[in-house]
Amino acid sequence: MSLRNLQFLLRPQSVALIGASATPGTVGAALARNLLDFKGELYFLNPKHATLNGRPCFPDAAALPEAPDLAVICTPAATVPQVVQALGERGTRAAIVVSAGFGEAGDAGRALQQAILDAARPYTLRIIGPNCIGVLNPPLALNASFAPASAAPGRLAFLTQSGALLSAVLDWARPRGIGFSHLISLGDMADVDFGDLLDWLATDPETQAVLLYIEGIREARKFMSAARAAARLKPVVVVKGGRHAQAAQAAATHTGALAGSDRVYDAAFRRAGMLRVPHLGALFGAADILTAARPPRGRRLGIVTNGGGLGVLATDALLDRGGALAELQPETLAALDARLPHTWSHANPVDIIGDADGARYRTALQALAGDPGLDAMLALYCPTGVSDPQEVAREVIVAACAQDAKPLLASWVGGEAVLSARSALAAARVPSYDTPEAAVQAFMYLADYRDNQEMLTQTPPSSPEEFLPDTQGARTLISAALAEGREWLSEIESKSLLECYAIPTVATRFAATPEDAAGLASELAPPYVLKIVSPQITHKSDVGGVALGLPDAAAVAAAAQNMRAQVAARRPDATLAGFAVQTMVQRRQAHELIAGIGSDAQFGPVVLFGQGGTAAEVIGDIALALPPLNLHLAGMLMQQTRVARLLAGYRDRPAAKRDAVALTLVKLAQLAAELTEVAELDINPLLADGEGVLALDARVRLVRANKAAESRLAIRPYPRELECDFRLDDGRSLTLRPVLPEDEHALQRLFSVLTPEEIYLRFMHSMKILPRALAARLTQIDYEREMSWVLCAPGLPGRSDIHALAQLAADPDFERAEFALLVSHEYAGRGVGTRLMRTLIDYARSRGIREIHGLVLRENRNMLDLCTRLGFHLGQVAGELDTVIARLTLGGTSPA
């Protein structure tokens, strides 16, 4: 990932168009016309012209009076590598390749595309495209595209893989008054991709929100790191094209069949804190509400209306979209009873009757604002002959301004009679919509966005038990199967693999013959379950290979003989290795779930959860998540399914142990992260009831690993290999390990014992408490880009006291990284700071980082002395007399 030279692409001071033309209807002519308004230096290149559009026209890059920051290339594909080479030699550092005929044109086109990259690499010349429509930066009046229209300046950035969509968005947005900071068509993404641009736009002060149209991505980990970093700072809204495309071959297991690529993208967008919407119109509507209102605490909506029908429509829309109608507290009902006519609805929606004026709306909204049982409010109005829509709007605005804890949305339904009122609401920044359904959808965008943001900021609970898998046992089992050339583990082997990760299974025995099966049954408690064991047959019930409720050994033998005949008739190609015998589990109150692991070509392993049983694929009640997981993320995964509501219990069916289900998903995520050979795994059914969970059946498909376990994951997992003992000068032993989200409360405890001076020297300003958002940011890190170590007492994360924190945050280029250090006074002066700084330096070298740096207050003499001893160069920060920047050059090469 790289930000290198993107400033020349996105904020150029000079632009050259190679392939400029005066011929109407050509791409070169359209580009030349669109570039004329650019505020910087503009050069046209075409050896056939001396002038073009009243400007000098140069024959080639060498003839230019200066090296242009940005080149726009629209020459034939075969000429582009040479053009890029010449531009690089001239000093240009960014180019937009509009020309087509590359990756989409077969092997020859792909070879040309690689030639472009080879020509650009020695000069770190960045490429947008090829096969794109171009780039627009409206604040600079830069239209380096052949789109038919330009754009107004604004605060939205739009990135798209489709040039046609960029043109359509321009045409759609202009009459609606929507402006942009950037519009970028990425084309084939040979070099610059979504990850690069998200990194740039995350800190772009001109961009308030980022909108994406994505058809596919290339590097999942790069994309996830950039998306998570951007989504922490501003809304990122995405439309994914190709939702129903069948991009991969049908998988053999239930899990593989259910884990379609679009579901995986959906899981990735959620995990990255982005909001996914279904279509382009929703893209801009979502961006508007996310930048206008703060996200609610939950999904409970309170509705005030002067028409019962409007309230009914809003309620239907709310429940259809997964929201909840808030149940009003008794105090709220009493307040409304005291102030509203006795004919009001006495429930939510709060129907305040058709003659309601503005004062009545304000009264109702103020009562709802104080109700702790709701998270947001919606004011609905329809015109009547006894009320003034503008007067009502003014009072709703007063109610909105009187509180800011809960979002307030509005819908003035009608036409000409309510236009002025809608304008007044919009001017007061009260989100207003034409219909109740549109208003509810906007509320649900806020709620969904808040849930996705929680994945970035919520501190998950510590695991209720210390979980140490038998990884070596699992690897031995897998290696033996691969050595035999097998793709599938047997059911018994699959269950053994689960047991290595402490997932409860039902005891199962192997029998080679029907007679052996009957003999094993006599050693187990009846009734019995009998299943075939065949390396070629994974769905055993499809060939009559499962028998349940067998009462005795004789019935087991007879069932085995029948299965042998069935397999011979239905699958003569299959080998029947034998039979699996087990006691039939009778947990009549248990729910049948499915849990498993799938593999995605882009994002790697995914964890699946949903309703199980033989109809799992037909029902389709499943959700996916990217590993690694913790209990909180596993719980959020479960909540995306309908079956999760059943686990809470209903009627005479008691609640299941949800924590046991969540812990099973965490264990599967760890298995997926550690065992690269496991391509697919499903547990179906996984029984869940008040006793816990039990895996009744399991299937595992293996592949020979061609990637390191850590590198195939879209999100880098916790780097356990960096844990080590840390012995103090008095002989006591502490633990030095990477920070975990569970450490938030321990970090808060550390902060509470710091002196005011220690706080000021570390954070460069005074704080009485550590804000929760900052504490979460310090403990919820992206291990791919950042690394923070905590020095703590041995024990479980979150329960062990933290005595020091050392941080290193790399830029996306992995060229430079910023350090920070905090050591409690109890451990100051004992060499702890020196050892932690050496840990940071060694880690930076191992990642190929060339320089580490940090800001230090001039009065922090201890830190400045430490930096000097370690070889840092100390320099003055421009305009900051009390701040020093400490730099240490490391050398080395950037990691691949």
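Modeller: Happy to! Buried means under 20% relative accessible area, exposed over 50% and partly exposed in between, with a 1.4 Å probe and protein chains only. This is a predicted model, where local features need pLDDT of at least 70, side-chain atom pairs count only at pLDDT 80 or more, and totals for chains, interfaces and linings use all residues. Residues are numbered from 1 along each chain as its sequence is written, and side-chain values use heavy atoms, leaving out hydrogens and water.

Biologist: Is Tyr43 buried or exposed?

Modeller: The cut-off for buried is under 20% relative accessible area. Tyr43 has 9% relative accessibility, so Tyr43 counts as buried.

Biologist: How many aromatic pairs does the structure hold?

Modeller: Rings of Phe, Tyr and Trp (its six-membered ring) pair if their centres lie within 6.5 Å; planes under 30 degrees apart are stacked, over 60 edge-to-face, and the rest tilted. By that rule, the total is 14.

Biologist: What kind of aromatic pair do Tyr43 and Phe58 form?

Modeller: Their centres are 6.0 Å apart, with 70° between the planes. Planes over 60 degrees apart get their own class, so this pair is edge-to-face.

Biologist: And which kind do Phe158 and Phe284 form?

Modeller: Here the centres are 6.4 Å apart and the planes 45° apart.

Biologist: Which residues do ring pairs link into a cluster?

Modeller: Phe158 is buried, at 0% relative accessibility, and Phe284 is buried too, at 6%. Both belong to the cluster, which is made up of Phe158, Trp172, Phe180 and Phe284.
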